[in-house]
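Please read them with the sequence and the model open side by side.

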Amino acid sequence: MTYCLGIVTSSGIVMAADSRTNAGVDYISTHQKLFDFSQVGDRVILICTAGNLSITQATLTLLRQDLTAKAEHNLHTLPTLYEIARYIGSKAREIQEQDRPWLEKDHIEATCSFLLGGQIRGEEPALYLIYSQGNCIQASKDTPFLQIGEAKYGKPILDRILSFDTPLEAAAKCALLSIDSTMKSNISVGPPIRLAMYERDTFKIRYELKLKPGTPYLAQVRRLWEISLKEAFDRMPDLNWDHHLDLPDEGSTDES
């Protein structure tokens, strides 16, 4: 399992991912899940991966091969981010069609998913979720974030804090706290954490982080976030037990 997150705002894109991969409790390893395929000055392309590691790695290999071979359709020639999302989906299907019968013989899931975020010159910044079947959805102003992998633990802060007008730095901080909350609740998600922040219309990634286990900043963030949550909890009013429901006693047969 892993956790990857993309955020699109009026001022740019934030992409974040953990690096933990596990194939059972006794086989946990670290693999990169956030990749930069940008072409400085023309397009920014950030891709996050989740799901079967062999499928996602093979899909990325096909993308790189098309770039090296200067194929007619590749990450640097397709004119829109939507077409790139569909192209990535087609490559994932290609690998799954080859490997699924053999994986299913040993009851191994062949599913995968991707986040694609960035901007192509002439377009607005955009964010897509590409499903295992190859189809995709786009983030919107109403829902400016998309998640793949172990999404549930990191979602509440995104729902409460994020909007399309959230400043980009605040969105990046929100992404980090979302991943930290997930790591706190699920051991299948863990560092190193990679985070990239893209400012719209710059066509260059200027801000990147890799936070390894034991990084003082990561420990500080977790400590301060836990303190802040505890302080917020303590400020909540106590329950008013006077506003109770008038329920009949257990076993009562009074139907009046």
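1. Strands (E, at least two residues) and helices (H or I, at least four residues) are DSSP runs numbered from the N terminus, and two strands pair if DSSP finds at least two bridges between them. Within E9, Ile137 is the bridge partner of Leu129, and Cys136 is the bridge partner of Ile130. The two strands form a hairpin with five residues between them, and Gly134 in the turn has a positive phi of about 100°.

2. Some words on the basis of these notes: the model is predicted, so local features need pLDDT of at least 70 and side-chain atom pairs count only at pLDDT 80 or more, while totals for chains, interfaces and linings use all residues. Residues are numbered from 1 along each chain as its sequence is written, and side-chain values use heavy atoms, with hydrogens and water left out.

3. For the chain as a whole, the secondary structure comes to five helices and 12 strands, and the C-alpha atoms fill a box of roughly 80 × 45 × 45 Å along the principal axes. Of its 256 residues, 45% count as buried, where buried means under 20% relative accessible area, exposed means over 50%, and partly exposed is in between (1.4 Å probe, protein chains only).

4. E8 and E9 belong to an open sheet of five strands, ordered E5-E6-E7-E8-E9 with antiparallel pairing. Strand E5 (34-36) and strand E9 (136-138) stand at the edges with a single partner strand each, so one side of each has no neighbour in the sheet. From one strand to the next, the twist averages 20°; axes here are lines fitted to C-alpha atoms, for helices over the stretch in contact, and angles run from 0 to 180 degrees between N-to-C directions.

5. Eight of the nine residues of E6 are buried.

6. E7 and E8 pair in the antiparallel sense over five bridges, among whose partners are Phe114 and, in E8, Ile130. Five residues lie between these strands in their hairpin, where Gly122 takes a positive phi near 95°. Because five of the five residues of E8 are buried, this strand is largely enclosed by the rest of the structure. Ala126, Tyr128 and Ile130 point one way from E8, whereas Leu127 and Leu129 point the other way.

7. Helix H1 (residues 53-68) lies across E5, strand E6 (43-51) and strand E7 (112-120), and runs at about 155° to E6. H2 packs on the sheet as well, touching E6, E7, E8 and E9, and its direction makes about 155° with that of E7. Contact means heavy atoms within 4.5 Å.

8. How many aromatic pairs does a search of the whole structure find? There is one, formed by Tyr82 and Tyr128, which is tilted, at 6.2 Å centre to centre and 50° between the planes. Tyr82 lies in helix H2 (residues 81-105) and Tyr128 in strand E8 (residues 126-130), so the pair ties together parts that are 46 residues apart in sequence. Tyr82 is partly exposed at 42% relative accessible area, whereas Tyr128 is buried at 7%. Rings of Phe, Tyr and Trp (its six-membered ring) pair if their centres lie within 6.5 Å, with planes under 30 degrees apart counted as stacked, over 60 as edge-to-face and the rest as tilted.

9. A search of the whole structure finds zero disulfides, a disulfide being a pair of cysteine sulfur atoms within 2.5 Å. Cys4 is in no disulfide, and the nearest cysteine sulfur, that of Cys48, is 4.5 Å away; Cys4 is buried, with a relative accessible area of 0%. Cys112 is also in no disulfide, its nearest cysteine sulfur being that of Cys4 at 12 Å, and Cys112 is buried at 4% relative accessible area.
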